[in-house]
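Here is a chain to go through by its geometry. Each label is set against its cut-off.

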Amino acid sequence: ESVKTAFSESGLMHILAVSGQHIGILVVILQIILGFLNKNNTLIFIKVLTMIAIVWLYALLTGLSPSVLRAAVMFSIISIGINIRSDSSSINVIGASAFFTLFFNPSTIMNIGFQLSYLAVLSIILFYDFIKNLLIFKYRISDYIWEMTAMSIAAQILTVPIMSFYFGKIPIYSLLANLIAIPAAFI
């Protein structure tokens with residue numbers, strides 16, 4: 001309980017919760033493990049189907065929380081689109097994901113996890129590139145730190161009002177804490 005409280009008060013609760021970030025980690029691992037299938041179109045198709053199946057199995061095993069469901073649907077749509085060589089807009093992908101999620105359970109729209117997950121991703125899609133391009137760094141490490149900062153700032157633009165509404169407070173130092181916590185979570 002004390003760990004949960006500490007993470008919540010520091011604005012890092014998303015690290016403890018099974019989320020879309022975990023789907024991302026799983027996908028990176030699967031890309032490495034199944035990399036040997038990148039030889040021809042048939043094997044690539046098998047790789048994509050295998051990855052989609054494993055992502056959905058993981059989503060089911062973790063209870064299909066709104067953020068995991070969002071990530072699984074988005075991953076599936078993007079993977080299929082890439083495999084059929086179709087360009088897709090990130091806004092369209094997130095919209096399709098929300099549509100499918102709400103089609104099967106319309107009451108999910110009232111779930112705070114659904115709201116925060118979709119608003120964070122939408123916020124990143126809308127604001128990340130602009131924020132990232134505000135500063136350009138010569139060295140790789142400083143550029144990486146700035147990209148993580150820009151991602152965190154972008155995600156918070158649309159989520160801060162929701163967090164303020166539900167929790168009545170916004171931990172200002174969460175921006176700094178996320179610089180350490182997000183890369184550490186991947187490790």
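This is a predicted model: local features need pLDDT of at least 70, side-chain atom pairs count only at pLDDT 80 or more; totals for chains, interfaces and linings use all residues.

Q: How many helices and strands does the chain have?
A: The chain has 9 helices and 0 strands.

Q: What makes T159 a bend in α8?
A: A bend is the angle between axes fitted to the seven residues ending at a residue and the seven starting there. At T159 in α8 (residues 140–167) that angle is about 50°. A proline, P161, follows within four residues.

Q: Where does α7 bend?
A: The bend in α7 is at L126, by about 40°.

Q: Why is F114 called buried?
A: Buried means under 20% relative accessible area, exposed means over 50%, and partly exposed lies in between (1.4 Å probe, protein chains only). F114 has 6% relative accessibility, so F114 counts as buried. Y118 has 8%, so Y118 is buried too.

Q: Which other residues of α7 are buried, and what do the buried residues of α7 pack against?
A: Among the buried residues of α7 are Q115, S117, A120, V121, S123, Y128 and I131. The buried residues of α7 pack against α5, α6 (90–104) and α8. In α8, the buried residues include W146, M148, A154 and I162.

Q: What makes F130 exposed?
A: F130 sits in helix α7. Its relative accessibility is 59%, so F130 counts as exposed.

Q: Why do F114 and Y118 count as a tilted pair?
A: Rings of Phe, Tyr and Trp (its six-membered ring) pair if their centres lie within 6.5 Å; planes under 30 degrees apart are stacked, over 60 edge-to-face, and the rest tilted. The structure holds 5 such aromatic pairs. F114 and Y118 are 4.5 Å centre to centre, with 40° between the planes, a tilted pair. They are 4 residues apart in helix α7 (residues 112–132), so about one helical turn separates them. An α-helix has 3.6 residues a turn, so residues three or four places apart point the same way.

Q: What makes the pair of F165 and Y166 edge-to-face?
A: F165 and Y166 are 5.2 Å centre to centre, with 75° between the planes. That counts as edge-to-face. F165 is exposed at 65%, and Y166 is partly exposed at 35%.

Q: Which residues form one aromatic cluster?
A: F99, F100, F103 and F104 form it.

Q: How do you know that R70 has no salt bridge?
A: A salt bridge is a side-chain nitrogen of Lys or Arg within 4 Å of a carboxyl oxygen of Asp or Glu. Lys and Arg count as positive, Asp and Glu as negative; His and the chain ends are not counted. For R70, the nearest side chain of opposite charge is D129, 16 Å away. R70 is buried yet has no salt bridge.

Q: Where does R70 lie, and what does R70 touch?
A: R70 lies in helix α5 (residues 66–83). Contact means heavy atoms within 4.5 Å. Not counting residues up to four places away in sequence, R70 touches G20, S97, S117, Y118 and V121.

Q: What makes a set of residues a nonpolar core, and how many residues has the largest?
A: A nonpolar core is a set of buried Ala, Val, Leu, Ile, Met, Phe, Trp, Tyr and Cys residues joined through side-chain atoms within 4.5 Å. The largest has 15 residues; I23, V27, L30, M51, V55 and F75 have the most contacts inside it. The largest share of this core, 5 residues, comes from α4.

How values were computed:
Residues are numbered from 1 along each chain as its sequence is written. Side-chain values use heavy atoms; hydrogens and water are left out. Helices (H or I, at least four residues) and strands (E, at least two) are DSSP runs, numbered from the N terminus.
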